[in-house]
Amino acid sequence: MLNNLIFINTARFILLVIVQVLLLNQINLFGYINPYLYILFIIIYPFSANKSLLIFLSFLLGLFVDFFSDSGGIHAAASVFIAFIRPFVLKYSFGISYEYNTIKISNEDYLKQIIYVGSMVFFHHFILFALEIFNVNHFLLFLNSILFSSIFSIIIILCIITLFSKK
């Protein structure tokens, strides 16, 4: 069982990096809409697994995306941040179910899924674009990038969670 879980997470990690780097980084709608699917790894990482390992894997995930995107570490910083705050987001999204480790995202109702995924994506994008733009003169670009990229990423992530659920 443990070997199967390691294989699934490794395959998921590699596949999401490849899809992000080769396909999604090439999408730039209207100058500020970029989908970031690679954070799906952090969102659906097993809840009962080692949290320190998640933070390390999130750093590697962001670092690989940074390496291939030539973005200077902003993806690694944003990924580590959402991996760190993930337990808090899970607690306010799923409540008591998180404390008893009875959560399966695809089995939860859509409102809880939207709250969880939306919060994780928003926090990721806020850190990512704050580090990328980092200029008060471009505050409107900063807000547009967060809003529209978050909406686009949330829709893609929720569709993938629904598509690959075992219902």
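What is the volume of the second largest pocket? I looked it up in this predicted model and got about 200 Å³.

**Entry 1: the pocket**

I listed the lining next. Twelve residues line the second largest pocket, and the closest to its centre are Ile 6, Asn 9, Thr 10, Leu 53 and Leu 57. I then asked which elements give two or more residues to this lining. They are α1, residues 2-22, and α3. With six residues, α1 gives the most. I sorted the lining by class as well: ten residues are nonpolar, two are polar and none is charged.

**Entry 2: α3 against α4**

I moved on to helix packing, starting with α3. Helix α3 covers residues 51-69 and helix α4 covers residues 74-94. Their axes come within 7 Å and cross at roughly 160°. Angles over 145 degrees count as roughly antiparallel, so α3 is roughly antiparallel to α4. I noted the hand of this crossing as right-handed.

I went through the contact residues on each side. From α3 I noted Lys 51, Leu 54, Ile 55, Ser 58, Phe 59, Gly 62, Leu 63, Val 65 and Asp 66. They meet Ile 74, His 75, Ala 76, Ser 79, Val 80, Ala 83, Phe 84, Arg 86 and Pro 87 of α4.

**Entry 3: α4 against α6**

I followed α4 to its contact with α6. These two helices pack at an angle of about 150°, and their axes are 9 Å apart. Therefore α4 is roughly antiparallel to α6. The crossing of α4 and α6 is right-handed. I counted classes here too: 17 nonpolar, five polar and three charged residues.

**Entry 4: α6 against α7**

How do the axes of α6 and α7 cross, and at roughly what angle? I took α6 as residues 110-133 and α7 as residues 139-163. The axes come within 8 Å and cross at roughly 140°. That angle makes α6 oblique to α7. The crossing of α6 and α7 is right-handed.

I checked which residues make the contact. On α6 they include Tyr 110, Val 117, Gly 118, Phe 122, His 125, Phe 129 and Ile 133. On α7 they include Leu 141, Phe 142, Ser 145, Ser 149, Ser 153, Ile 157 and Thr 162.

Definitions and conventions: Residues numbered from 1 in each chain as written. Predicted model: local features only at pLDDT ≥ 70, side-chain atom pairs only at ≥ 80, totals over all residues. Heavy atoms only, no water. Axes fitted to C-alpha atoms, helices over the stretch in contact; angles between N-to-C directions. Helix = DSSP H or I, 4+ residues; strand = E, 2+ residues; numbered from the N terminus. Parallel < 35°, antiparallel > 145°, perpendicular 65-115°, else oblique. Left-handed = near helix turned anticlockwise from the far one by under 90°. Contact = heavy atoms within 4.5 Å. 1 Å grid on protein atoms, 1.4 Å probe; cavity = no way out; pocket = protein on both sides within 12 Å on 5 of 7 lines; lining within 4 Å. Points joined across faces, edges and corners; volume = space filled by probe spheres on them. Nonpolar A, V, L, I, M, F, W, Y, C, P; charged D, E, K, R; others polar.
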